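The following note sets out a number of points on the structure shown below.

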Amino acid sequence: MSMKTRVLVAKPGLDSHDRGAKVVARALRDAGMEVIYTGLRQTPEQIVEAALQEDVDVLALSILSGAHMTLLPRVMELVRENNLEDVLVLAGGIIPEEDVPALKRAGIADVFGPGTSTEDIVKYINEHARREK
Amino acid sequence: MFNRRKIDEIARRERAWEEETVSAWLRRTPERSDSFRTTSGVEMKRLYTPGDVANLDYLSDLGFPGDHPFTRGLHATMYRGRLWTMRQFSGYGTAEETNRRFKYLLGEGETGLSVAFDFPTILGLDSDHPLSLGEVGVCGVAVSSIEDMDILFRDIPLDRVSTSMTINGPAAVLLAMYIALGDGQGASREALRGTTQNDMLKEFMAQKLCIWPPAPSVKLVTDIIEYCTGNLPSWNPVSISGYHIREAGSTALQELAFTLADGIAYVESALERGMKVDEFAPRLSFFFAAHNNLLEEVAKFRAARRIWARLMRDRFGAESKRSMWMRMHVQTSGCALTAHQPYNNLMRVTVQALAATLGGAQSLHTNSFDEALALPSEEAVRYALRTQQIIAHESGVAETIDPLGGSYCVEALTDEMEEGVMAYFDRIESMGGVIPAIERGFFQREIADSAYRHQREVERRERIVVGVNEHVAEERTIPRLLRVSPGVEETQRVRLMRLKGGRDGRRVEGALDAIRRCVERDENLMHPIIEAVKATATLGEICGVLTEMYGEYRELIVF
């Protein structure tokens with residue numbers, strides 16, 4: 001039985017550039033997913049707690065403050081501690097390409113930079129997110 | 001501007017031209033699109049003629065530069081007299097590093113400083129706060145106490161530069177530090193020149209760096225306006241900003257309408273406090289974005305001046321010409337820059353900077369081509385500044401005033417921009433003004449809708465972005481990016497620890513308590529905040545007291 005994919009769009013870091021996060025959230029909703037958006041300035045603890053509570057399939061992290069190398073590995077640590085390894089974790093925002101390999105090693109499935117089409121993100125989620133619960 | 005008989009004849013001839021010449025041409029070569037629209041959704045006509053500006057009254061709608069309604073420019077000679085201020089926003093890392101960048105920029109011919117603070121500072125948090133982890137000195141310079149501020153401006157005489165500070169919630173604290181620093185240097189308060197952004201309303205609408213709820217936020221904005229009016233005559237207490245509204249996704253029209261609505265709200269707040277319009281209005285300044293659609297942008301800048309001048313004179317009864325002036329700082333667009341083929345951004349910035357200068361801006365920041373990837377490198381910043389210098393000295397646009405004035409197209413677009421703004425004013429007023437409209441999420445939804453529409457248009461290729469959805473070539477030239485040295489956080493932590501260990505704790509407590517009492521009495525907070533920074537109370541301590549008194553703002557989530 002197919003259920004709607006549940007996505008948590010979250011903004012770690014102190015920056016308030018939520019244009020991208022909101023556009024992606026809306027595009028995923030229009031593509032038939034169930035989307036929860038955390039709002040700004042969430043700590044890694046708050047984000048993982050929300051992912052747990054909301055029982056999501058996908059965690060989409062948007063960060064443009066430059067603190068991604070501190071905050072995203074911390075999110076992944078908490079993801080593992082809470083046994084959420086089957087949640088697909090994606091990142092977007094201003095993340096220099098040279099940082100991507102380290103983020104992938106930390107467990108981020110993929111990083112979507114500026115200029116990414118929302119259709120590509122929808123397609124990626126449809127191909128990679130878990131379906132059955 | 002033309003006589004009726006001529007207009008009629010032109011209209012008749014235009015119809016004939018459409019029916020004969022154009023139709024025949026279209027049969028052979030159709031146009032690239034059924035319709036062409038500006039970002040604001042205004043249909044661009046194939047051709048503009050005197051018929052499109054038939055109702056324009058030269059003297060009352062355009063006038064002369066330096067005269068009401070200032071459509072053609074603020075000053076009598078505009079850039080023939082003095083070029084715009086080339087002001088590059090900068091700041092990263094420790095105060096020492098930014099101080100070095102400031103001196104470098106001054107040496108390269110820049111004429112004003114502009115400080116970017118890091119996110120903790122912007123949110124009123126000290127560098128050693130747990131939420132500051134990973135953010136210290138990353139997107140701007142970290143300033144937690146007067147000690148950092150002192151290092152930031154070391155060897156820079158404050159009575160000889162003009163300094164713009166992009167700070168909103170904690171603006172009173174950073175301005176207090178600057179004043180205290182000036183006092184320490186022996187600079188007279190009359191000689192302190194610069195700007196605090198201090199525009200909280202656009203934070204609730206778009207930029208979302210909010211600490212306290214709307215009402216106390218506007219009170220603080222007004223405190224600074226009042227304090228500067230009496231004490232810092234050369235300071236611009238507020239820079240009413242459309243830039244962030246636009247970057248968050250609005251159209252050019254929404255940017256202008258919402259910014260002017262904020263301006264009206266601040267004027268009303270200052271009047272309610274008993275200030276006279278001609279006392280404070282001359283120092284209100286504005287900040288807009290410049291995007292790629294050159295003609296629409298020029299129309300926006302021209303309409304902005306005209307609407308503000310009319311509002312100030314006709315609605316608020318201003319008598320001084322300076323109260324009717326809209327002085328504007330312009331920055332080229334960050335969100336129009338692409339991470340794909342980043343060198344293309346050099347050309348985008350050129351077009352945008354041209355729009356700002358054709359629009360009569362008083363100062364300009366040009367973005368660096370690598371900003372969709374990281375903070376700008378020194379090389380990229382130099383090209384950005386050179387872009388302005390080439391426009392200023394080589395393009396010829398600075399040699400006559402308002403060169404696009406009288407263009408049938410630009411005048412028609414300017415009129416349409418004004419009409420659109422008036423329609424938004426009616427909607428905002430019917431909701432009870434700016435704050436009630438913020439509380440209902442009106443602006444937030446308008447902006448989110450426009451951002452989403454833009455994204456869909458790009459994805460459907462209804463809007464072409466070169467290098468992103470057209471002329472896409474894999475380009476592997478990654479420019480050298482700036483990395484902030486990782487030691488900043490540690491340096492800041494140690495400095496704060498030393499500061500807190502070595503100061504007179506009782507004096508700090510007393511100063512913070514004076515702020516509490518001032519909030520209770522609802523008096524102007526600038527005075528006790530100046531005393532507190534002099535007592536080396538930190539930014540976080542002062543903002544902490546205000547949060548304790550005013551409560552924290554909870555964001556309304558709209559997407």
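How many helices and how many strands are there in chain A? The points below begin with the answer and then turn to chain B.

1. The structure under discussion is a predicted model, and the remarks that follow should be read accordingly. Chain A contains 5 helices and 5 strands. Starting at the N terminus, its elements follow one another as β-α-β-α-β-α-β-α-β-α. Chain A has a radius of gyration of 13 Å, close to the 14 Å given by the globule rule for 133 residues, so it is as compact as a globular protein of that length.

2. Buried residues make up 51% of the 133 residues of the chain. Of the contacts in chain A between residues at least 6 apart in sequence, 74% link residues at least 24 apart.

3. The sheet of chain A is open and consists of 5 strands with parallel pairing, in the order β2-β1-β3-β4-β5. Its edges are formed by β2 (34-37) and β5 (110-112) of chain A, each of which pairs on one side only. Direction ignored, neighbouring strands of this sheet are turned by 20 degrees against each other on average.

4. Within that sheet, strand β1 (residues 6-10) of chain A and strand β3 (residues 58-63) of chain A run parallel and are joined by 4 bridges. A:Val7 has A:Val58 in β3(A) as its bridge partner. Helix α1 (residues 19-30) of chain A lies across β1, β2, β3 and β4 (88-93) of chain A, and runs at about 160 degrees to β2(A).

5. Chain B also has an open sheet of 5 strands with parallel pairing, here in the order β1-β10-β9-β8-β7. At the edges stand β1 (85-86) and β7 (238-241) of chain B; each has a single partner strand, so one side of each is left without a neighbour in the sheet.

6. Elsewhere in chain B, a helix pair deserves attention. The axes of helix α20 (residues 505-521) and helix α21 (residues 526-534) of chain B come within 8 Å and cross at roughly 170 degrees. Because of this angle, α20(B) is roughly antiparallel to α21(B). On the α20(B) side the contact involves B:Ala511, B:Leu512, B:Ala514, B:Ile515 and B:Cys518, which meet B:Pro528, B:Ile529, B:Glu531 and B:Ala532 of α21(B). The residues of this contact comprise 8 nonpolar, no polar and 1 charged.

7. The last point is the contact between the chains, where 31 residues of chain B meet 27 residues of chain A. On the chain B side, the elements giving two or more residues are α4 (119-122) and α18 (442-459) of chain B. The largest share of that side, 5 residues, is supplied by α18(B). By class, the residues of chain B that touch chain A divide into 21 nonpolar, 6 polar and 4 charged.

Note on methods. Residues are numbered from 1 along each chain as its sequence is written. Chains are lettered from A and ligands numbered from 1 in the order in which they are written. This is a predicted model: local features need pLDDT of at least 70, side-chain atom pairs count only at pLDDT 80 or more; totals for chains, interfaces and linings use all residues. Axes are lines fitted to C-alpha atoms, for helices over the stretch in contact, and angles run from 0 to 180 degrees between N-to-C directions. Angles under 35 degrees count as roughly parallel, over 145 as roughly antiparallel, 65 to 115 as roughly perpendicular and the rest as oblique. Two residues are in contact if their C-beta atoms, placed from the backbone, lie within 7 Å. Ala, Val, Leu, Ile, Met, Phe, Trp, Tyr, Cys and Pro count as nonpolar, Asp, Glu, Lys and Arg as charged, and the others, Gly among them, as polar. The radius of gyration is taken over C-alpha atoms; the globule rule is 2.2 Å times the number of residues to the power 0.38. A residue is buried if 20 or more other C-beta atoms lie within 10 Å of its own, exposed if 12 or fewer, and partly exposed in between; C-beta atoms are placed from the backbone. Two strands pair if DSSP finds at least two bridges between them.
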